[in-house]
Amino acid sequence: MEENRKPSHFCALVVMRLPDAMECLAADAGATVECLVIDYRKAGGSIQVKWAGGNNNEKETPFVDMISTLRREVLDELGVEICLSDKALSGRIIFNKEVSREHKKYFFFVSGDEIVGKLRKTLYDDDGDEVLSPPYWKEAEALAREIFLSHRPALINALKFICRNFEQTRAKYSRLLKTA
């Protein structure tokens with residue numbers, strides 16, 4: 001390993017389309033949460049479902065901050081932009097992992113209404129050795145069985161975040177609901 005190697009990072013975006021209040025009321029078994037994902041195939045390899053994201057690989061690009069890496073990868077792989085400010089987005093890390101002293105992974109969370117633009121509709125050839133499908137929405141429960149293993153903790157943490165926020169909202173108004 002090189003002594004002068006700069007730290008690198010991988011950044012990915014977890015986008016979830018959340019049910020609105022009316023969907024939750026109408027659903028017998030609970031409303032569906034959908035996730036925006038892509039199919040990834042390395043040359044000669046099998047297909048894996050993953051979040052949009054990538055590295056700040058210093059061989060390909062100058063060293064950049066995490067948010068810039070995330071925004072670039074999301075635009076390249078999904079075709080959309082994130083509406084949140086850099087400051088707001090930096091508070092949306094839902095999972096991170098230190099792979100080595102020089103390399104860390106960060107997963108950020110946004111809801112479907114926090115992205116703008118039209119989803120990419122064509123295959124994306126990433127430097128000739130990787131091919132990505134157009135992005136698509138997949139139900140979270142089914143995704144849990146199919147997502148790339150190292151991306152699964154981000155899915156679990158995003159679902160916990162959503163459930164915790166629903167519980168906090170319910171707890172906030174539970175006393176009011178009991179008196180009604």
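I looked up Glu77 and Lys50 in this predicted model and found that their side chains meet in a salt bridge, 3.3 Å from N to O. I noted that the pair links distant parts of the chain, with Glu77 in helix H2 (residues 66–78) and Lys50 in strand E3 (residues 47–50), 27 residues apart. I then checked accessibility for both partners. Glu77 has a relative accessible area of 2% and is buried. Lys50, at 7%, also counts as buried, because the cut-off for that class is under 20%.

I turned next to Glu34, which forms a salt bridge with Arg17; the closest N and O atoms are 2.6 Å apart. Glu34 lies in strand E2 (residues 34–42) and Arg17 in strand E1 (residues 8–17), so this pair ties together parts that are 17 residues apart in sequence. I recorded Glu34 as partly exposed, with a relative accessible area of 25%. Arg17 is likewise partly exposed, at 35% relative accessibility.

I also examined Arg101 and Glu102, whose salt bridge has its closest N and O atoms 3.5 Å apart. Here I found Arg101 exposed, at 69% relative accessibility, whereas Glu102 is buried, with a relative accessible area of 12%.

I took the total for salt bridges, which comes to nine.

Finally, I consulted the confidence values. The mean pLDDT of the chain is 85, and 81% of its residues reach 70 or more. Among the elements, I found the lowest mean pLDDT, 54, in helix H1 (residues 21–26). Strand E5 (residues 81–82) has the highest, 98.

Methods. Residues numbered from 1 in each chain as written. Predicted model: local features only at pLDDT ≥ 70, side-chain atom pairs only at ≥ 80, totals over all residues. Heavy atoms only, no water. pLDDT = per-residue confidence, 0-100. Helix = DSSP H or I, 4+ residues; strand = E, 2+ residues; numbered from the N terminus. Salt bridge = Lys/Arg side-chain N within 4 Å of Asp/Glu carboxyl O. Buried < 20%, exposed > 50% of the residue type's maximum accessible area, 1.4 Å probe, protein only.
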